[in-house]
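Dear colleague,

I am passing on a structure that I have been going through, and I would be glad if you could look at it alongside the notes below. The notes start from one position and then widen to the chain as a whole.

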Amino acid sequence: MSVCHCLVGHPFQRRPQQSPGEDGQTPEMCNPEPPSQRTVDFQHIHAVYSHPQALGQCGRYLSLHLPGAERQDVSSTSKAAEKVAEEGPNSRAVAISSSLAAKVNGLEVLAEGIQDRDDNSTRFFILKNNGSSQESHNPSLNRPSSADGLEWKTLVSFTLAQQPSGTLADILQTFKDRELNLTGIHSRPSLEHAWHYVFLIEVQGKREARGVGTMNEALEELGRKAKSWRWLGSWIDQAEQQVEAVRIEQ
C-alpha cells in the first residue's frame with residue numbers, strides 16, 4: 001500500500017512523452033544530478049528546514065542528496081532561511097527557501113531548481129475586511145464578466161450540522177445543478193468539537209451585485225443547507241488568463 005503526504009498528493013509519475021534530459025535542470029530519477037548541482041557536498045548536513053509543502057515538493061532531491069538529513073517543518077520557507085542564519089556559520093542545517101530569503105539572511109545558495117516538477121507553483125490570497133456591506137465595498141462585484149463568467153472564481157467556506165447525513169453531497173449538488181464547476185474543495189478542523197470541519201470550495205463563476213445570477217442562487221441555497229457559511233470573495237482567474245495568452249501566442 002502506498003502512503004502519500006496529504007499536503008503534497010500522490011507521488012509524481014513521469015509523463016510518457018518525457019525522455020532523459022528533457023526536464024532542464026530539475027533533478028529526475030533518470031538524471032538525478034543536473035550539472036549545476038553535482039559539486040555540492042551535503043555530507044555535513046544533518047537537518048533540512050522548510051515549510052512542509054516545500055519539503056514535499058522537493059522530496060526526490062532530498063531523498064537522493066540528503067537521505068540521512070532530518071526534515072524539520074517550520075512556519076514558512078522564509079522562516080527556514082532565518083533559522084539557518086540564526087544558527088551561524090557552524091550550522092549543520094540547510095533551508096529550502098527563495099533566493100530572496102537567502103539574500104536577505106546572508107546565506108549562500110547551494111542548489112537551485114530542486115523541485116520535483118517544473119510546473120510547481122504557489123498561490124497566495126490577499127484578504128481584506130471591508131467593514132460593513134460586502135456589496136457596497138467590494139469593487140469585484142461590480143466588474144463586468146463574460147456571459148458564462150468562467151474567467152472568474154469564487155471562494156466559499158461553510159460548516160455542516162451533524163445531521164442529516166448526505167448534507168455535503170447535497171451542497172455540492174447545488175452547484176452541479178446550476179452547471180457551476182467546482183475547481184477545488186478542502187477541509188480544515190473547525191475546533192468546535194472533534195471530527196467537525198470547515199469546508200472551503202472554489203467555484204468557477206462570480207457572485208454578482210444586487211443578488212442576481214446563478215452563483216447568487218447557489219449561495220442562497222447553500223445558506224439554507226449549511227449550518228453556517230461565508231462568501232470569501234470573487235476574483236478574476238489570472239492563471240487561466242495566462243494559459244489562454246500562451247495558447248494565443250502559439
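This is a predicted model: local features need pLDDT of at least 70, side-chain atom pairs count only at pLDDT 80 or more; totals for chains, interfaces and linings use all residues.

Leaving out residues up to four places away in sequence, H186 touches V198, F199 and L200. The C-alpha atoms of H186 and E202 lie 8.9 Å apart in space, the two residues being 16 apart in sequence.

**The chain as a whole**

The chain is built from 8 helices and 7 strands, and 32% of its 250 residues are buried. Among the contacts with a separation of 6 or more, 63% are between residues 24 or more positions apart. The accessible surface is about 16300 Å², and carbon and sulfur atoms account for 52% of that.

**Strand β4 and its partners**

In β4, 8 of the 8 residues are buried, so this strand is largely enclosed by the rest of the structure. W152, T154, V156 and F158 point one way from the strand, while K153, L155, S157 and T159 point the other way. The strand pairs with β7 (residues 228-236) in the antiparallel sense through 8 bridges, and there the bridge partner of S157 is R230. With β6 the pairing is also antiparallel, over 7 bridges, and T154 stands opposite V203 in that strand.

**The largest nonpolar core and helix α6**

The largest nonpolar core has 15 residues, and those with the most contacts inside it are F158, I171, F175, L219 and L222. Two or more residues each are given to this core by β4 (152-159), α6 (167-177), β6 (197-204) and α7 (214-225), with the largest share, 4 residues, coming from α7. In general terms, nonpolar side chains tend to be buried together in soluble globular proteins.

Within α6, the buried residues are T167, I171, T174 and F175. They cover an arc of only 90° around the axis, which puts them on the same side of α6. On the other side of this helix, K176 and D177 are exposed. If neighbours within four places in sequence are left aside, F175 is in contact with L180, L182, I201, V203, M215, A218 and L219. Apart from this core lies another, of 13 residues, among them Y61, V94, I96 and I114. After α6 comes E179, whose phi is positive, near 55°.

**Strand β1 and its parallel neighbours**

What is the arrangement around strand β1 (residues 47-50)? A47 and Y49 point one way from it and V48 and S50 the other way, and all are buried. This strand runs parallel to β2 (residues 70-73), to which 4 bridges join it, and V48 stands opposite R71 there. It also runs parallel to β3 (residues 93-95), in this case with 3 bridges, and the bridge partner of A47 in that strand is A93.

With best regards

Methods
Residues are numbered from 1 along each chain as its sequence is written. Side-chain values use heavy atoms; hydrogens and water are left out. Buried means under 20% relative accessible area, exposed over 50%, partly exposed in between (1.4 Å probe, protein chains only). Contact means heavy atoms within 4.5 Å. Accessible areas come from the Shrake-Rupley method with a 1.4 Å probe; for residues, only the protein chains shown count as cover. A nonpolar core is a set of buried Ala, Val, Leu, Ile, Met, Phe, Trp, Tyr and Cys residues joined through side-chain atoms within 4.5 Å. The arc is that of the directions from the helix axis to the C-beta atoms. Two strands pair if DSSP finds at least two bridges between them.
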